[in-house]
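Please keep the sequence and the three-dimensional view at hand while reading.

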Amino acid sequence: MEFAIYSVALIVGYALARYITEQTSFHIRLKGIWLHHWILAALTMAVLYALDIRNAEVWGLLTGVALEGLSRKNWSIQDKKR
């Protein structure tokens, strides 16, 4: 049943990330690098992996956020506005 929880959390994470990114224009840019939400989700996943966190809801949400960002046309880390 844990896989079902992960799957539902993935869908919620994807939908939530889509809604938030469509409603806001918050960006993190540092010296020519654009930190997209998929990068932040992936970095968080790396930390959780290192800490051996095994929460299906958290992993599903983060996977949904990362996949939503990667499904967009502009997901490069290079900040083209500089």
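## Where the helices H1 and H3 meet

Which residues in H1 meet which residues in H3? In this predicted model, the H1 side of the contact is made up of Glu2, Ile5, Tyr6, Ala9, Leu10, Val12, Gly13, Tyr14, Ala17, Arg18 and Thr21, and the H3 side is made up of Ala56, Glu57, Trp59, Gly60, Leu61, Thr63, Gly64, Val65, Leu67 and Glu68. Sorted by the kind of residue, the contact of H1 with H3 holds 12 nonpolar, five polar and four charged residues.

Two packed helices are described by the angle between their axes and by the distance between those axes. For helix H1, which covers residues 2-23, and helix H3, which covers residues 56-70, the axes come within 6 Å and cross at roughly 40°. Because an angle counts as roughly parallel when it is under 35 degrees, and the crossing here is at roughly 40°, H1 is described as oblique to H3. The crossing of these two helices, H1 and H3, is right-handed.

## The overall plan

The secondary structure of the protein consists of three helices and two strands, and, when they are read from the N terminus on, the elements follow the order α-β-β-α-α. Of the 82 residues of the protein, 24% count as buried.

Ser7 and Leu61 are 54 residues apart in sequence, and their C-alpha atoms are 9.0 Å apart in space; Leu10 and Trp59 are 49 residues apart in sequence, with 7.8 Å from C-alpha to C-alpha. Ser7 has its place in helix H1, where it counts as partly exposed, at 26% relative accessibility.

## How H2 and H3 pack

The axes of H2 and H3 come within 7 Å and cross at roughly 150°. Since an angle over 145 degrees counts as roughly antiparallel, H2 is described as roughly antiparallel to H3. The crossing in which H2 passes H3 is left-handed, whereas the crossing of H1 and H3 is right-handed.

On the H2 side, this contact is made by His37, Trp38, Ala41, Thr44, Met45, Leu48 and Tyr49, and on the H3 side by Val58, Trp59, Leu62, Thr63, Val65, Ala66, Glu68, Gly69 and Leu70. The residues of the contact of H2 with H3 divide into 11 nonpolar, four polar and one charged.

## The nonpolar core

Which residues form the largest nonpolar core? This core has eight residues, namely Trp38, Ile39, Ala41, Met45, Leu48, Trp59, Leu62 and Ala66. Helix H2, which covers residues 37-50, and H3 each supply at least two residues of the core, and H2 gives the most to it, with five residues.

Leu62 is one of the residues of this core. When its neighbours within four places in sequence are left aside, Leu62 is in contact with Ala41, Thr44, Met45 and Leu48.

## A closer look at single residues

Apart from neighbours within four places in sequence, Glu68 is in contact with Tyr14, Ala17, Arg18, Thr21 and His37. Glu68 is listed both among the residues of H3 that meet H1 and among those of H3 that take part in the contact with H2.

Thr63 also lies in helix H3 and is buried, with a relative accessible area of 14%. With neighbours within four places in sequence left aside, its contacts are Tyr6, Leu10 and Met45. Leu10, which is found in helix H1, is in contact with Gly60, Leu61, Thr63, Gly64 and Leu67 when neighbours within four places in sequence are again left aside.

Asp52 is found in the loop between H2 and H3, and its phi is near 60°, a positive value in a residue other than glycine.

Key
Residues numbered from 1 in each chain as written. Predicted model: local features only at pLDDT ≥ 70, side-chain atom pairs only at ≥ 80, totals over all residues. Heavy atoms only, no water. Axes fitted to C-alpha atoms, helices over the stretch in contact; angles between N-to-C directions. Helix = DSSP H or I, 4+ residues; strand = E, 2+ residues; numbered from the N terminus. Parallel < 35°, antiparallel > 145°, perpendicular 65-115°, else oblique. Left-handed = near helix turned anticlockwise from the far one by under 90°. Contact = heavy atoms within 4.5 Å. Nonpolar A, V, L, I, M, F, W, Y, C, P; charged D, E, K, R; others polar. Core = buried A, V, L, I, M, F, W, Y, C linked by side-chain atoms within 4.5 Å. Buried < 20%, exposed > 50% of the residue type's maximum accessible area, 1.4 Å probe, protein only.
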